[in-house]
Amino acid sequence: MEDAQKMREPELVGCFEDALQFDHIYAVYQPQINHSTGRMVGAEALMRWRHPIYGVQMPGDFIPVLEKNNLIYRADLHIFETVCKLQRKCLDAGMSIIPISVNMSRYDIYNTNYVDEIEGIRLKYDIPVKYLRLEITESSAIGGRELITRVLRQLHDHGYTVEMDDFGSGYSSLNILKDLDVDVIKLDMAFLAGDIGGRGGTILSSIVQMTKWLNTPVIAEGVETMEQADYMKSTGCNYIQGYLYYRPLPEEEFLEKMNQLEHEPLTPGMHLIKTLDAGKFWDPNSMETLIFNNFVGGAAIFTFKKMTNELSLVRVNRKYVRELGMNLNEQDLVGDDPWVQFDEENKEIYIRAMKRAIEFGDEETCETWRTMVSDCCGEDHICIRSSLRVIGEASDDYLFYAMIQNVTKEKKKMLQVSADEGRYKTAFEQANIYAWEYTIATKEMRPCFRCMRDLGFPPLLKNYPEPAIEQGIFPPEFADEYRDWHRRMEQGEEYFEAIVPLTVGRIPFHVRYTLEKDENGKPLKAYGSATLVVDEPEKDEPQSEESKNE
């Protein structure tokens, strides 16, 4: 490796023209890789300076000098033209090429002719605009928001993809992301310089989730270890740039790698349903937020990773919190693992419902029991009815909208009814009682389980009582009287009873009917029963004292 000597500012400025003319200022290329597939999705062109005498100069040394002396604008145009020459050479050779990103400094933005200049160069070499990207740094947007917005609009008018470089390194990242219409976010991996999964990891994960809402791809820049790459993949960021895969490569070596690797395009983040505007949804003053918070029931937005079954609450409204009870608040729910509320059986029920919603693209409903815990209220077991619908997706990540209803009282009442039915069933077995329900208006009879089991009745008999008479349950001599009972019930008579020999065995039963009316006094339903008549056993005559002594 040749010895290098740091050049002073006058020397750098003095030989700048020669550096452009003889390509002492040149580009190296760092590939961008999909960590999940190993395919190349793009590359970044980085400026370098090799002086024939003093050797390689460090970017941190010469770039500030060029900026200070208003020379960076010409150096950036030189790199842009270098990239266009490379792309032209590859296209002429019939090679499969990828988009290459070129840095655009804040000094370029302040030059009102910059967009026209690069567009002229692109047209000169006839490069399709899809193979060129422009990178702006986050710091370049601070203090010149209006100007950079205008430049971005011009670039988009020409069809360029614009990346925001070093996102997260400045002090106003969220405001910039909100205001600037960039197409790709490049995350500053300085967040993960310390412990992976700590506060920095939490911030990165949140940014990745947020950019999915903006339908914006994310590239993690400066990735040096497999641990970092795997962590970013776990957050949903698959695109990696850094020394883990490749250092910045000279042109020939870069072309060799580009020919060896398969290519794929950058894909957007979260594809939202057409009727959902993510920007308006997060705006606290928008109609969408007003409706979400006040005019729907308990509602939540959450993400679901289909492969790993990870669940993460993104947003809940006040009614959602109230449905869960336990004096909780939104902060108690968002950020915690929702699965802690579920046992394995109910977790599986919920997962199956989500996967059905994904598969069929429609709303799915399920009921799950959850254990809720709070510091003030202790522990409670509740049943939640959830209506689930997919509203966005990005590869294996799905965004769900959920409406919930606390149905604990209803379910407990049903369980009580079920238990009562069990007791009634046992009582019926012991007492030889048959029971049925008759609807006056439709002439439909619904028999009890013993009627179905012993008499062969279906769950519903229409045009009752004729099917029972035809089957011989009611004997011919009593059939007309039984029909007359039903006619009189239609007229409002409330009670009937008689001893009737039923079935072909002519077994005596005590048959009773009780009428139910609606609030207007109109006959609604009648409830019938048939109880087996059992003769009382004859009691023995009391014995006299004499007979006892015999």
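Start with the largest cavity: select Ala300, Phe302, Leu311, Leu313, Tyr320, Pro338, Gln341, Phe342, Tyr350, Arg370, Ala402 and Ile404, which line it. A cavity here is a set of points on a 1 Å grid over the protein atoms alone where a 1.4 Å probe fits but cannot get out, and lining residues have an atom within 4 Å of a point. This is a predicted model, where local features need pLDDT of at least 70 and side-chain atom pairs pLDDT 80 or more, while totals for chains, interfaces and linings use all residues. Numbering runs from 1 along each chain as its sequence is written, and side-chain values use heavy atoms, without hydrogens and water.

Colour strand 11 (298–305), strand 12 (310–316) and strand 15 (397–406): each supplies at least two lining residues. Strands (E, at least two residues) and helices (H or I, at least four) are DSSP runs, numbered from the N terminus.

Next, the second largest cavity, about 40 Å³. Pick Asp108, Ile109, Asn111, Thr112, Asn113, Tyr114, Val115, Arg150, Val151 and Gln154 to see its lining. Helix 8 gives the largest share, three residues.

Last stop: the second largest pocket, with about 700 Å³ of space. A pocket is an open set with protein on both sides within 12 Å along at least five of seven lines. Of its 33 lining residues, zoom in on Glu44, Leu46, Ile63, Asn103 and Asp165, the closest to its centre. Then show strand 2, which gives the most to this lining, with five residues.

Technical notes: Points joined across faces, edges and corners; volume = space filled by probe spheres on them.
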